Amino acid sequence: IGTGFNNLVSPIAIQSDGKILVGGDFTSFNETPINRMLRLNADGSADTSFNISEGFSGLVTSIILQPDGKILVGGHFINFNGQINNRLVRLNSNGSIDTSFNIGTGFNSNVFSLVLQPDGKILIVGAFTSFNGVSANRMIRLNANGSPDTSFNIGSGFNNSVEPIAIQADGKILAGGSFTSFNGVSKNRLIRLNSDGSSDNTFIIGTGFDNVPFSIAFKGDGKILVSGAFTTFNGISTNRLIRLNSNGSL
């Protein structure tokens, strides 16, 4: 990669052809200006067929590849290529904006993570409290065209930001973050939701985490790995990495 990037590299996504999509807070790669997103060839050189022109005005936090080759990008940015796209945009495979994806005025604060469901719907979490002028406390599900999915209802939502998110094979949703309540009920920094946005009350974590989880991953046996800044879980010392059973127990 030559001299590489001049600032933070955060999300990475690998295409089926071996090319690598890279996002972050950088403004140059190998001493060539490029604002916060780039596609590399398999050998580490810049892929010049991917052209984002002016690029992003702020940090890119999440990149998701769709099966059709289109690319969902979320982050802290307000503009993409000189146009207002508040914190979420979908690109065509060549880096141009996909105008069929319309989020209106978008999000009022930062997007941290995106997950694409098998049905094409998109789960989005972050620090935002509204989407397109409508209340949406830190989580929303969008249809494939960018409109809100009204079948997904989280009520009053989260009292603080949501950061990692992951979908189980059965469609249930694990979310972690800085929050300490969900829909008015105490939930310390980790929760599992049903596919309609309601709380899954079979997932019990007791007093939960004393600090923020940053990453959630599933093992093939249904167990859940969680990493982050925490040092206790449910009153038990566990420094920054834990494995949970599928019911939320240690």
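Let's call a residue buried when its relative accessible area is under 20%, exposed when it is over 50%, and partly exposed in between, using a 1.4 Å probe and protein chains only. This is a predicted model, where local features need pLDDT of at least 70, side-chain atom pairs count only at pLDDT 80 or more, and totals for chains, interfaces and linings use all residues. Residues are numbered from 1 along each chain as its sequence is written, and side-chain values use heavy atoms, with hydrogens and water left out.

Start with the overall picture. The chain has 25 strands and zero helices, going by DSSP runs (H or I of at least four residues for helices, E of at least two for strands, numbered from the N terminus). Its C-alpha atoms fill a box of roughly 50 × 40 × 25 Å along the principal axes. Of the 250 residues, 48% are buried.

Now for the rings. Rings of Phe, Tyr and Trp (its six-membered ring) pair if their centres lie within 6.5 Å; planes under 30 degrees apart are stacked, over 60 edge-to-face, and the rest tilted. The whole structure holds ten aromatic pairs. One of them is the tilted pair of Phe 5 and Phe 29, at 4.7 Å centre to centre with 50° between the planes. Phe 5 sits in the segment before strand E1 (9-14) and Phe 29 in strand E3 (residues 28-29), so this pair ties together parts 24 residues apart in sequence.
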